[in-house]
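The sequence and structure come first.

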Amino acid sequence: MKITQYAQGHACWVELASHDWQAAKTFYQALFGWDSVDMPIPEGHFSLFNLAGDDLGAMYQIPESESQIPSHWRVYFAVDDMDASIAAIQAAGGQVHMGPHIVADAGVMAQVSDPQGARFALWQAKNHIGARRQGELNTLCWVELACKEPRTEEAFYCKIFPWTNSPSDMPDIEYSEWQVDGQSIGGMMTIMPQWGDISPHWLLYFAVADCDAFAEKAQALGAQVCIPPSDIPDVGRFSVIADAQGATFAVIKLNQM
């Protein structure tokens, strides 16, 4: 689906921070069929991912001085007023880690975290709205928060975004959906003790035509399959994958696509 604008609180962009920019770029190009455009920056490496010329997200090389930071994917949520959003996040118990920064004539960004430490980013668009495609094959289709105290997270996010939270009938886990004007835009699940020492985080889902084939292909390209292809009743079939640098994402074959 082609997109021309994003409303407040919608996931609008994704960004990969990697310890091996070139290897990661090659991996995602081969896995999803994305093209990339390298952008000049004063230090390091930065690329835009695109599909048929439409921007989907970006990636950059983590500086050597920040070697303690693991490779990771990050979601950006659209905001209409960056200053007001930052104030709301701080008032609700969140933290600001970077920015706000003006990104030339593209927009304004900031990196923040919720009260449990899950990091995400904000984007106030100027001349660049964010991803031009979502909800089609090989593009972002869902974002999911894994946390330890869902009621605390619900209170936080519903203060900073125009979100409501609706329980969802999922087997064996506590799950709910984030909604804007009745439209589900993402989910939230409780981290289970048996998962081990996992910190609260946002997980990105990309829609694919065949979950099993993508998991096999990712593994052949050097990735690790963290959760093998599994069925979600009435939703689809998904798998969680970590690329060779350790950045984790999910792929899903949706029943309705």
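## Terms and basis

A residue is called buried when its relative accessible area is under 20%, exposed when over 50%, and partly exposed in between, using a 1.4 Å probe and protein chains only. The model is predicted: local features need pLDDT of at least 70, side-chain atom pairs count only at pLDDT 80 or more, and totals for chains, interfaces and linings use all residues. Residues are numbered from 1 along each chain as its sequence is written, and side-chain values use heavy atoms, with hydrogens and water left out.

Helices (H or I, at least four residues) and strands (E, at least two) are DSSP runs numbered from the N terminus.

## Aromatic contacts

Rings of Phe, Tyr and Trp (its six-membered ring) form a pair if their centres lie within 6.5 Å; planes under 30 degrees apart count as stacked, over 60 as edge-to-face and the rest as tilted. By this rule the structure holds 29 aromatic pairs. One of these joins Tyr-28 and Trp-73 edge-to-face, at 5.3 Å centre to centre and 90 degrees between the planes. Because Tyr-28 belongs to helix H1 (residues 21–32) and Trp-73 to strand S5, the pair ties together parts that are 45 residues apart in sequence. Both Tyr-28 and Trp-73 are buried.

The ring centres of Phe-32 and Phe-206 are 5.3 Å apart with planes at 50 degrees, so this pair is tilted. Phe-32 lies in helix H1 and Phe-206 in strand S13 (residues 201–207), so parts 174 residues apart in sequence are tied together. Phe-32 counts as buried at 3% relative accessibility, and Phe-206 counts as buried at 2%. Ring pairs link Phe-27, Tyr-28, Phe-32, Trp-34, Phe-49, Trp-73, Phe-206, Phe-214 and Phe-249 into a cluster.

## Strand pairing

Two strands pair if DSSP finds at least two bridges between them. S5 and strand S8 (residues 119–125) run parallel and are joined by three bridges, with Tyr-76 opposite Ala-121 in S8.

Strand S13 pairs with strand S16 (residues 248–254) in the parallel sense over three bridges; Ala-207 has Ile-252 in S16 as its bridge partner. Strand S15 (residues 236–242) and S16 are antiparallel, with seven bridges, and Ile-241 is partnered by Phe-249 in S16. S15 and S16 form a hairpin with five residues between them, and Gly-246 in the turn has a positive phi of about 100 degrees.

A cavity is a set of points on a 1 Å grid over the protein atoms alone where a 1.4 Å probe fits but cannot get out; lining residues have an atom within 4 Å of a point. There are two cavities of 30 Å³ or more. The largest has a volume of about 60 Å³, and its lining includes Trp-13, Trp-34, Arg-133 and Phe-206.

The second largest cavity holds about 30 Å³ of space. Its lining consists of Glu-15, Leu-16, Ala-17, Tyr-60, His-72, Arg-74 and Gln-111. Strand S1 (11–18) and strand S5 (72–78) are the elements that give two or more residues to this lining, and S1 supplies the largest share, three residues.

Definitions and conventions:
On a 1 Å grid over the protein atoms alone, a cavity is a set of points where a 1.4 Å probe fits but cannot get out, and a pocket is an open set with protein on both sides within 12 Å along at least five of seven lines; lining residues have an atom within 4 Å of a point. Grid points are joined across faces, edges and corners, and a volume is the space filled by probe spheres set on the points.
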